[in-house]
Amino acid sequence: MSTGLLTVSPSPHIHSELTVPQIMRGVIIAMVPALAFSIYNFGLGALYVTGLAVIFCVGIEYAIVKYLLKKPASIHDGSAIITGLLLAFNVPSNLPWYIILIGSAVAIGIGKMSFGGLGNNPFNPALVGRVFLLLSFPVPMTHWPQAGSWSLDAVTGATPLGILKDGMRAGESMDSLLNQMPSYVDIFFGFQGGSLGEMSAFALLLGLIYMLYRKIITWHIPVSMLLTVVIMTGIFWLIDPAKFANPLFHVLTGGVMLGAVFMATDYVTSPFTHRGMLIFGVGIGVLTVLIRLFGNYPEGVSFAILIMNAFVPMINRYAKEPRYGEVKQKR
Amino acid sequence: MALHHKLKTFRLGGVHPDDQKLSAQAPITPLPLPKTVTIPITQHIGAPAKIVVQRGDSVKVGQVIAVHEGFVSSNIHASVSGRIGVIEETMDSSGFKHMAVNIRVKGDDWMETVDRSDTLIEEIKLDSKEIVACIMEAGVVGMGGAAFPAHVKLSVPEGKHVDYLIINGVECEPYLTADHRIMLEKSREILVGIKILMTALGVKQAIIGIEDNKHDAVELFEKLLQHEQGIAVAALEVHYPQGGEKQLIQALLNREVPSGGLPSDVGVIVHNVGTTYAIYEAVQKNKPLIERVVTVTGKSVKQPSNFLVRIGTPVIDLLIAAGGVPEDTGKIVSGGPMMGKAIADLDVPIAKGTSGILLIPKEESTRAEVYNCLHCGKCIEACPMGLEPYRLLILSKKGNHSRAKEEHILDCIECGSCSFVCPSNRPILDYIRLGKTQLRKPKKA
């Protein structure tokens, strides 16, 4: 009988199955459909960029923790892998290796580790890296290989959103511009130009369903963000369909789906409560549409999420869930 | 009257741990008499009882050995017959040392006043005041775990009107089955106990709340209650902490106890089924609370069991009767896995509030690696009181107790749901307990 050495600790004495490494593994699994589609669409370029981004992110985090902070290694939690994947998802699949390295260094070094590592960063690290690259290397960051082109130096072209923005500026009509685009079915499944992981709404939705099923995330952020984009672009489209594209186009193109499923739902940089998540999702939706319709950039999801990240502490302070006994007391 | 068609549950939070009711099919069996018992005089919330026996005295089963001091206190009776041994400080399941009376067992000689027959006595002869006095005399305390003296709950303060009695048969803690077995085997006695409580409180309505993983008990009471007026049974969703007093009241009656208040503030009194059975025995059989049903369970336990145990029996006696202590035992918990207390010593005595002894294998007995807070919000989703556990942890850790109080830290019922779900294994409840303790400390002048 083992009587001598019993563990004595406070309750609870059991724990749920879902722990940090399992959540991270779940998120990675949820990203597989989008990645697989990207490889199908862009070939080895997608795999090359993704692989490099993951290796750089993990390597940089390992180096910072070991040599700069001199703390026990933290990479086994899997979060650096996700940052690498998400960074890759947000860049073109023909990006040169040194730009990926710079992006990874900014994402992990400045975006995450400078704040104290996992859980302490106010801004989504992958988006910090992505926006840094967009501002520093505007040309390579906005020339996407065409879908279906398998070689590394493939023909590049603009995204549907880019075509729309430039075309409208050049004075072309909305109808003729929309006619240049792939069909909605093609856009939904992802046969369009764009960053590595953002093209296929279908693949991203598969990931979303998996994460909802595993209870890794709740519906609040994706649904509120997507609905806001639909409603807002819908209002503008109804006002003037010659000037504004329809809501379906806006939801299926660019980074809206990727943002709603993987970027905005990042635990660390989104609010704690369901109420807060709804405010956060609506805010991202509104800002995205404003930037798309009236801003200089064709796409605004990254900026919208980063701006809303900055509001998260405030949202956490005020968006509280109802308490037990609270309603009755007020009466 | 059947209410179980749509399962009721509480409004906020909660978790779904695996229910692991391994001993659900094991009938209640009396444990052989121990050689000695150690009966602590602090087995209840309130003032310790005052010892009225001396070393060397002979006592009979049911004889008072310590009397209550004041109203919020409880009588303690000899649970065995024999000779009083040492009276000294002994460690109980809380880990603290308290005065306890040791009795060396000799025979099984009961007080003549106790009716030991199995005959069901349905007629209630006493009035409200006599019932309360009888329960107080018998030393009945809440047997669900908190061990609050039962007679105090029955003395509703002036100005409060109670219209509902709730009988808590939820047993939402995983593993535990003591209440389940009592409901199956003593349903008629419990029904009389409910009527006694209704008489004492002067209420016309009572509901028995039972989690639906004990559907046999729900059906049994439905059959039993067919011709009863004012007493209903309700099946509840399997959802922890369904048996929390505040959660149960909300689930059954949609009333919420105000912050810092008591169930009687919303017209409700809640008693556990085990307590109700003890009240039946006290009032109808004149039998003080000297024994209780204890579940002995765990994944590696040879024979998960439900024993009828004399108060003061050492834990080791129960473990031997359940097939011995498994090799892989890493932790022994008095109570359930969510709220029970880990014990360090197998000589700890069974008290009036001990509902179970749970043996946890080594690999599940230590906590896993702690990560930084991910801000996932799962603790908020899980909190049945609607609090923000992550914030309470931070505030308590920083020593900012006044802010923690503003964030309603004192509303915490310590159910453990937040620590249970935290994917980063953060010791949330540990820090909340610390914060609550700091706030309850008397302020230095």
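Where in chain B is B:E171 placed? I found B:E171 in the loop between β9 (164-169) and α3 (178-185) of chain B. Helices (H or I, at least four residues) and strands (E, at least two) are DSSP runs, numbered from the N terminus.

**Ground rules.** The model is predicted, so I kept to its limits: local features need pLDDT of at least 70, side-chain atom pairs count only at pLDDT 80 or more, and totals for chains, interfaces and linings use all residues. Residues are numbered from 1 along each chain as its sequence is written, while chains are lettered from A and ligands numbered from 1 in the order in which they are written.

**Positive phi, chain B.** I looked up the backbone of B:E171. Its phi is positive, about 45 degrees, although B:E171 is not a glycine. Is B:E171 buried or exposed? B:E171 counts as buried because it has 32 C-beta neighbours inside 10 Å. The cut-offs are these: buried means 20 or more other C-beta atoms within 10 Å of the residue's own, exposed means 12 or fewer, and partly exposed is in between, with C-beta atoms placed from the backbone.

I then went to B:E414. This residue is not a glycine either, and its phi is positive, near 55 degrees. B:E414 sits in the loop between α12 (401-406) and α13 (417-421) of chain B. It has 18 C-beta neighbours inside 10 Å, so B:E414 counts as partly exposed.

**Helix α4 of chain B.** I checked the length of α4(B), residues 187-201. Its 15 residues should span 21 Å at 1.5 Å a residue, and the end C-alpha atoms are 21 Å apart, which agrees. The expected span is 1.5 Å times one less than the number of residues. Next I checked burial. 11 of the 15 residues are buried, so α4(B) is largely enclosed by the rest of the structure. Among the buried residues are B:E189, B:K195 and B:L201. Just after α4(B), B:G202 has a positive phi of about 70 degrees.

**Cis peptides.** I noted one between A:S11 and A:P12, with omega about -5 degrees. A:P12 belongs to the segment before α1 of chain A. I noted another between B:Y240 and B:P241, with omega about -5 degrees. B:P241 is in the loop between β11 (231-236) and α6 (245-253) of chain B.

**B:P361.** I located B:P361 in strand β17 (residues 356-361) of chain B. It counts as partly exposed because it has 15 C-beta neighbours inside 10 Å. Which residues does B:P361 touch, not counting residues up to four places away in sequence? I listed B:K299, B:S300, B:D328, B:T329 and B:G330. Contact means C-beta atoms, placed from the backbone, within 7 Å. I also took the C-alpha separation of B:P361 and B:A100: 31 Å, at 261 residues apart along the chain.

**Domains of chain A.** The domain assignment gives domain 1 (20-141) and domain 2 (160-318). Such bounds come from an automatic or database domain assignment. The C-alpha centres of the two domains lie 21 Å apart. I counted 31 residues of domain 1 in contact with 27 residues of domain 2. On the domain 1 side, α1 (20-42), α2 (44-69), α3 (79-89) and α5 (125-136) each supply at least two residues. The largest share, 13 residues, comes from α1(A). By class, this side has 21 nonpolar, 9 polar and 1 charged residues. Ala, Val, Leu, Ile, Met, Phe, Trp, Tyr, Cys and Pro count as nonpolar, Asp, Glu, Lys and Arg as charged, and the others, Gly among them, as polar.

**Helix pair in chain A.** α3(A) and α5(A) pack at about 35 degrees, with axes 8 Å apart. Axes are lines fitted to C-alpha atoms, for helices over the stretch in contact, and angles run from 0 to 180 degrees between N-to-C directions. A:T83, A:L86 and A:L87 of α3(A) meet A:P125, A:A126, A:G129 and A:R130 of α5(A). These residues divide into 4 nonpolar, 2 polar and 1 charged.

**Chain contact.** Chain A gives 36 residues to the contact and chain B gives 55. On the chain A side, α1 and α16 (326-330) give two or more residues. The largest share, 4 residues, comes from α16(A). I recorded 16 nonpolar, 15 polar and 5 charged residues on that side.

Key
Two residues are in contact if their C-beta atoms, placed from the backbone, lie within 7 Å.
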